[in-house]
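Dear colleague,

Please find below the structure that I am handing over to you.

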Number of protein chains: 2
Amino acid sequence: MKLSTKTRYGARILIELAMNREERAIQVSEIAASQKIPVKYLEQLLRTLKLSGFVKSVRGPKGGHLLAKSPDTISLGQVVRLFEGQTDLVACISLPQECDMASECLVRNAWKTATGVLYDKLDSISIADLIRDAGEAFPDAYCPSLAQVENVG
Amino acid sequence: MKLSTKTRYGARILIELAMNREERAIQVSEIAASQKIPVKYLEQLLRTLKLSGFVKSVRGPKGGHLLAKSPDTISLGQVVRLFEGQTDLVACISLPQECDMASECLVRNAWKTATGVLYDKLDSISIADLIRDAGEAFPDAYCPSLAQVENVG
DNA sequence: AAATATGTATACTAATTAGGTATGGTATAA
DNA sequence: TTATACCATACCTAATTAGTATACATATTT
């Protein structure tokens, strides 16, 4: 029961873009280096993020990637739902036919409740929150968009 | 991000044993049939449950398995921790060396918080709770140990 | 004491999934 | 028009999960 690297990488990509928002397009190679993600794998993740409207890109030389929306409006819950194939703790919550015991199973509803509690929390944490929290923990960290983030919302 | 079949089976095994607690030893073949779990796979799970003190067994003809402690004292959190290899949503929470970005990662702490919320919930749900809830949802269900369960604790 | 029904232990294998590569594009600024 | 970027998809491989197979030990019944 663990999150995939796609989800973990995805969150880190969004944070990196959020910390340079509206300043300049960040190239794939740059994100790959700073986040230690293989370039070709990163391109897949960026494509997913772009199709979902979290990221926009600029083509050609001097091109790159930018956050497409305010980091205050992107939650970890959204990131997890985007990258995890199965978002529930057990498949039978949304697909009862996956388990032929589903109709008589006494735990199924409890797994559903626990899943709900987890996503309530994940939905309550935004990319902006993570950057703000980091600002408190590491006041010296380079973080040009913090003021901007705080003005949003 | 989903629970393994071991965890799901494990919870169902405990429920089945709880519903016959102190009445008679239940044979592997019987659990296998009612829960639709392969016999040899079930034996492995029962062994794990036994080593952890949740289940006790009686050998020889007319032998079988019994719950070793009150269903009020067994939580879903305990079951998940027992059967899931990795219990945190991300490995780097307890093993920072698993990810070389751990020290500078701005999401890591959020994954830890979400993991905590999840287990707080799972720890609050006991096997006895599940049987009680089922009693309310299906008043006609066969459930000989319900009264017993309610007297415990 | 033997037969037999049960649980115990470990090694192996098949299936699935996750993680990452490889290849070949397409767009755009210089 | 060419170099530099992003875009799209097919493929591969290693790890994990789920389940089997084999052999053994124990205890009740007769």
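This is a predicted model: local features need pLDDT of at least 70, side-chain atom pairs count only at pLDDT 80 or more; totals for chains, interfaces and linings use all residues.

Where the chains touch, 32 residues of chain B are in contact with 31 residues of chain A. On the side of chain B that touches chain A, at least two residues each are supplied by helix 1 (5–18), helix 5 (108–123) and helix 6 (127–137) of chain B. Helix 5 of chain B provides the largest share of that side, eight residues. Sorted by class, the residues on this side of chain B are 22 nonpolar, three polar and seven charged. Of the interface residues of chain B, 97% are also interface residues in chain A, so the copies meet through the same surface.

**The surroundings of DNA strand C**

There are 26 residues around DNA strand C, and those that come nearest are Ser4(A), Pro38(A), Arg59(A), Gly60(A) and Val28(B). Both chains take part in this surface: helix 1 (5–18) and helix 3 (39–51) of chain A, as well as helix 3 (39–51) and strand 2 (64–67) of chain B, each supply at least two of its residues. Helix 3 of chain B gives the most, with five residues. The surface near DNA strand C consists of six nonpolar, twelve polar and eight charged residues.

**The nonpolar core**

The largest nonpolar core has 84 residues, of which Leu14(A), Ile15(A), Leu14(B) and Ile15(B) touch the most other members. Leaving aside residues up to four places away in sequence, Leu14(A) touches Phe54(A), Leu67(A), Ile74(A), Val79(A) and Ile127(A).

One of these partners, Val79(A), also belongs to helix 4 (residues 76–83) of chain A, where Leu76(A), Val79(A), Val80(A) and Phe83(A) are buried. Viewed down the axis of helix 4 of chain A, the buried residues fall within an arc of 95°, so they line one face of the helix. An α-helix has 3.6 residues a turn, so residues three or four places apart point the same way. The buried residues of helix 4 of chain A pack against helix 1 and helix 5 (108–123) of chain A, and also against helix 5 of chain B.

Yours sincerely

Key. Residues are numbered from 1 along each chain as its sequence is written. Chains are lettered from A and ligands numbered from 1 in the order in which they are written. Two residues are in contact if their C-beta atoms, placed from the backbone, lie within 7 Å. Helices (H or I, at least four residues) and strands (E, at least two) are DSSP runs, numbered from the N terminus. Ala, Val, Leu, Ile, Met, Phe, Trp, Tyr, Cys and Pro count as nonpolar, Asp, Glu, Lys and Arg as charged, and the others, Gly among them, as polar. A residue is near a molecule or strand if its C-beta atom, placed from the backbone, lies within 6 Å of it. A nonpolar core is a set of buried Ala, Val, Leu, Ile, Met, Phe, Trp, Tyr and Cys residues joined through C-beta atoms within 7 Å. A residue is buried if 20 or more other C-beta atoms lie within 10 Å of its own, exposed if 12 or fewer, and partly exposed in between; C-beta atoms are placed from the backbone. The arc is that of the directions from the helix axis to the C-beta atoms.
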